[in-house]
Amino acid sequence: MGLRDDVERFREVGEERREDLADFIQYGDLGRSRPGEIKIPVKIVSLPEFAYDQRDKGGVGQGDGDTPDVGQPVGQPQPQPGDGDEEGDPGEEGGEHEYYEMDPEEFAQELDEELGLDLDPKGKKVIEEKEGPFTDLTRSGPDSTLDFERMFKEGLKRKLAMDFDEEFLREVCKVDGISPREVYEWARGENLPVSMAWIEEAHEEVADERGVWDSIEEVEENVERQSVQQKIRREGIRHVPFRREDERYRYPEIVEEKEKNVVVVNIRDVSGSMREKKRELVERTFTPLDWYLTGKYDNAEFLYIAHDADAWQVSREEFFGIRSGGGTRISSAYELAAELLEEYPWSDWNRYVFAAGDSENSSNDTEQRVVPLMEEIDANLHAYVETQPSGNAINATHAEELERHFGETGDVAVAYVNGEADVTDAIYEILSTEGETDE
């Protein structure tokens with residue numbers, strides 16, 4: 001592979017990384033990532049390097065005795081025994097180049113694009129009030145904040161409302177025998193905003209020309225009457241009548257800066273029926289959801305609950321590594337979740353409650369206890385993920401009962417994961433339900 005081929009290969013890495021993301025969600029090694037860091041397994045990319053033409057034995061290299069070996073990259077030492085696969089002891093360290101590292105925010109963006117999601121988390125807790133854009137108005141303020149554009153528009157509207165064709169009205173004053181009162185009454189009938197004082201003054205100014213017209217009708221037939229808009233277009237605006245009442249001063253809108261806080265309660269069934277394959281499917285679904293919400297929110301906190309017939313809080317490491325045993329009573333987990341969420345008021349925190357198991361529950365527990373508890377716990381979203389590799393079980397009715405009760409309420413999602421290939425669809429089902437709730 002030559003340099004040009006390698007350049008083309010690099011251009012394809014972006015698309016391949018997105019494909020690797022989907023593969024990772026289904027099949028990837030979840031154990032290599034740490035909090036605040038996500039490692040996505042990627043296909044190995046051949047890095048560009050200079051290679052000598054097989055037909056040309058000359059050139060500069062650094063082989064033994066300063067003699068270059070054909071195809072040896074410039075500036076790179078020759079392989080030594082133990083570096084390759086044929087000689088020396090096998091290495092024990094993993095190759096870091098086989099993983100692509102990203103932070104949770106980048107992971108959330110990639111997952112949004114991969115699944116076609118567009119979630120916009122809402123901030124709840126007010127952390128700061130600050131000045132926003134100067135959009136509000138008041139009647140007083142410093143001259144530098146005077147809204148001159150608004151004042152000009154108000155003055156212009158007044159001019160349009162008060163102006164009239166003065167020359168035409170003077171011609172009306174020249175009608176034979178007409179009095180100022182008669183001119184005023186005619187002007188009022190024409191909705192001309194003229195005062196009696198102005199008419200009296202104009203009537204006196206044209207006294208020597210009285211009798212030029214026999215009637216107002218004759219004036220209208222012979223003198224072109226000009227609208228205010230025509231006058232402004234022809235002569236422009238010499239004066240805009242501003243008034244004190246037109247003055248408005250801008251001041252900044254007070255904007256509340258809200259922190260996007262989220263608390264996520266992850267619940268998993270660790271009863272005796274939760275065998276290894278079921279546990280693995282829980283981990284493959286919950287891990288990307290944790291990273292996604294970490295990347296979406298400014299401050300994300302996670303609470304982990306394990307339960308069989310009883311429930312107890314565990315650490316993240318315990319949650320993703322705990323073994324199974326005991327009976328099943330799912331409501332015990334929701335009772336503990338309600339207690340823990342008291343430290344995270346709904347007014348300040350976005351809240352998610354995600355549970356997973358094989359849908360096997362003690363008799364009537366779902367209907368009599370779990371459903372009422374889910375209705376009492378305020379949350380952006382409740383979700384339950386059924387993990388049944390066999391696809392069905394006689395006693396696996398919990399998920400179906402939740403679907404039957406909540407239907408399409410918008411804040412409860414139920415997903416089914418029978419194998420690795422269902423993980424991506426389950427994540428989409430959960431997160432898209434949250435998107436519908438936001439709308």
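Where is the place of N191? Select N191 and you land in the loop between α6 and α7. Before going on, please note that this is a predicted model, in which local features need pLDDT of at least 70 and side-chain atom pairs count only at pLDDT 80 or more, while totals for chains, interfaces and linings use all residues. Residues are numbered from 1 along each chain as its sequence is written, and side-chain values use heavy atoms, with hydrogens and water left out.

**Stop 1**

Helices (H or I, at least four residues) and strands (E, at least two) are DSSP runs, numbered from the N terminus. Stay on N191 and check its backbone: phi is near 60°, a positive value in a residue other than glycine. Most residues other than glycine have a negative phi. N191 counts as exposed because its relative accessibility is 68%. Here, buried means under 20% relative accessible area, exposed over 50%, and partly exposed in between (1.4 Å probe, protein chains only).

Now select 180-189 for α6 and 196-205 for α7. Their axes come within 9 Å and cross at roughly 130°, which makes α6 oblique to α7. Axes are lines fitted to C-alpha atoms, for helices over the stretch in contact, and angles run from 0 to 180 degrees between N-to-C directions. Angles under 35 degrees count as roughly parallel, over 145 as roughly antiparallel, 65 to 115 as roughly perpendicular and the rest as oblique.

Contact means heavy atoms within 4.5 Å.

**Stop 2: the six-stranded sheet**

Next, colour the strands in the order β9-β8-β7-β10-β11-β12, and you have an open sheet of six strands with mixed pairing. Two strands pair if DSSP finds at least two bridges between them. At the edges are β9 (311-314) and β12 (412-417), each with a single partner strand, so one side of each has no neighbour in the sheet. From one strand to the next, the twist averages 20°.

Strand β8 (residues 299-307) runs antiparallel to β9, joined by four bridges. Pick Y304 and find its bridge partner in β9, V314. Helix α14 (residues 398-406) packs on the sheet, where it touches β11 (381-387) and β12, and its direction makes about 150° with that of β12.

**Stop 3: strand β10**

Which residues of β10 point one way, and which the other? N350, Y352, F354 and A356 go one way and R351, V353, A355 and G357 the other, and all are buried. In a regular strand the side chains alternate between the two faces of the sheet.

Strand β7 (residues 261-269) runs parallel to β10 with seven bridges, and V264 stands opposite Y352. Six bridges join β10 to β11, also a parallel pair, and here A355 stands opposite Y384.

**Stop 4**

Select N361, in the loop between β10 (350-357) and α13 (365-376). N361 counts as buried because its relative accessibility is 18%. Its side chain has a polar atom 3.1 Å from the backbone nitrogen of I330, and a polar contact of 3.0 Å joins it to the side chain of T366. A polar contact is a pair of N or O atoms within 3.5 Å; within protein, one must be able to donate a hydrogen and the other to accept it, and residues adjacent in sequence count only if both atoms are side-chain atoms.

In the loop between β10 and α13 you will also find N364. N364 is not a glycine, yet has a positive phi of about 65°. At 44% relative accessibility, N364 counts as partly exposed.

**Stop 5**

Finish at α12 (residues 331-340), where seven of the 10 residues are buried, so the helix is largely enclosed by the rest of the structure. Select S331, S332, A333, Y334, L336, A337 and L340 to see the buried residues; what covers them includes β7, β8, β9, β10, α13 and β11.
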